[in-house]
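Me: I'm new to this one. Can you walk me through a few spots?

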Amino acid sequence: MRPQSNTTTTTNINTFSDPSFSSSIHRRITTLSNHLLNPHMASDNQSISVSPTASSHSVFAHLLPAPEDPILGVTVAYNKDPSPVKLNLGVGAYRTEEGKPLVLNVVRRVEQQLVNEASRNKEYLPIVGVADFNKLSARLIFGADSPAIQENRVTTVQCLSGTGSLRVGGEFLARHYHERTIYIPQPTWGNHPKIFTLAGLSVKSYRYYAPATRGLDFEGLLEDLGSAPSGSIVLLHACAHNPTGVDPTPEQWETIRQLLRSKALLPFFDSAYQGFASGSLDIDAQAVRLFVADGGELLLAQSYAKNMGLYGERVGALSIVSKSADVASRVESQVKLVVRPMYSNPPIHGASIVAAILRDSDLYNEWTIELKAMADRIITMRQQLFDALQSRGTPGDWSHIIKQIGMFTFTGLNAEQVSFLTKEYHIYLTSDGRISMAGLSSRTVPHLADAIHAAVTTV
Ligand code: PLA
């Protein structure tokens, strides 16, 4: 008897020599080539059935074009404008006097060191990120002598910049906190309501800004938070409120603290501009430290995008201050369960830069000098813009330009005036009239002042 395999071979050869089989192969090849050349030409009875994904009709055909992001979309529009005088004052990104993006010297130096360290590898980080970065970040915002840190009541988890920290914090609260409502200031950074809604919280607002005075609506704030249900979460900008540039005074912060604690409202601080408001990291952390000093609980999202110029490195942290070390460690274990299915673990590079700078006193000092220089340049731009409007006799009181703090001026220009600035002067800003002072320079102030003058006198 022949072995089985030979029998099979014989059978195959026989099959190929079978005229009916070879013509069936021919038919299939012809159909396939027709289909590949032009899927629509294949005749019905011979065609390979066309799957929905191979059809010319897209399964996404029903999608409407989504609008651009109200802040990042300004940069998209700016990039398309061929005008040589165009000016982007939309996104809050620091520019030098020459209008160029800035990488801090201290960051460049540390990056060189990191590249030269042969022992560094690209292994996954733990879910919570770089341990040293977390410890040092908590110290930066809460203070090296913070009792909460000394008592191990702080959980800090490296996240994807400020946005990622807010989102992880929001999802943690939606899963584990008994109240699902978060109160955000009116107005606030445009991404806040979207982040918290998608995290599973219900978003309400509290009065914050009084357009008439271009200052804080302190009464409105106290009234709205005073009538919020006990236990609600309250989002607070740690300093340099975006978009208004209006912060409570230290006395007003103390009143806000007492109100929140007396009603068991849970503070969630967004600290995206530490050091950018006053030029001092400690002064800009005062409101947060006031709330930590009373022993109560809170959440805090921290970003190094602006104060270390690490925008695209996406480096930040979520800190949760609890009542005891025991609770803090359980909190950490649960935050890990939020992070793991979201992005698994955070990136190494940015956090390594930050940790190196915060760890070394020389590098730290160098950073604070560069940070202060950025903050000072923004303050100078405020004065120059104010002076330029004064000298043009632009109608209106523009003193808010020098009173407001941080990266932005909330000009008070309306949407029509904003669109006039863009159409006639190629100046790009968000439609709420916010301008990024960090995007201005002595060279561009006169152009902006001309544009504002024309807008308020003609539109
Ligand atoms: N929180 C506030 C109050 C912010 O203004 C921003 C950034 C963030 C968080 C998030 O920053 P991060 O994720 O980059 O750390 N706001 C910018 C940029 C500067 C933006 O809209 O994304 C702004 O122009 O408003």
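Me: Is Cys239 buried or exposed?
Reply: Cys239 is buried, because its relative accessible area is 6%. Buried means under 20% relative accessible area, exposed over 50% and partly exposed in between, with a 1.4 Å probe and protein chains only. This is a predicted model, where local features need pLDDT of at least 70, side-chain atom pairs count only at pLDDT 80 or more, and totals for chains, interfaces and linings use all residues. Residues are numbered from 1 along each chain as its sequence is written, and side-chain values use heavy atoms, leaving out hydrogens and water.

Me: And what about Cys159, buried or exposed?
Reply: Cys159 is buried, at 0% relative accessibility.

Me: New topic. Where does Ser161 lie?
Reply: Ser161 lies in helix 7, residues 161–176. Helices are DSSP runs of H or I with at least four residues, numbered from the N terminus. Ser161 is buried too, at 1% relative accessibility.

Me: What does the side chain of Ser161 make a polar contact with?
Reply: The side chain of Arg314, at 3.4 Å. A polar contact is a pair of N or O atoms within 3.5 Å; within protein, one must be able to donate a hydrogen and the other to accept it, and residues adjacent in sequence count only if both atoms are side-chain atoms.

Me: Which residue just after helix 5 takes a positive phi?
Reply: Gly143, at about 100°.

Methods: Helices (H or I, at least four residues) and strands (E, at least two) are DSSP runs, numbered from the N terminus.
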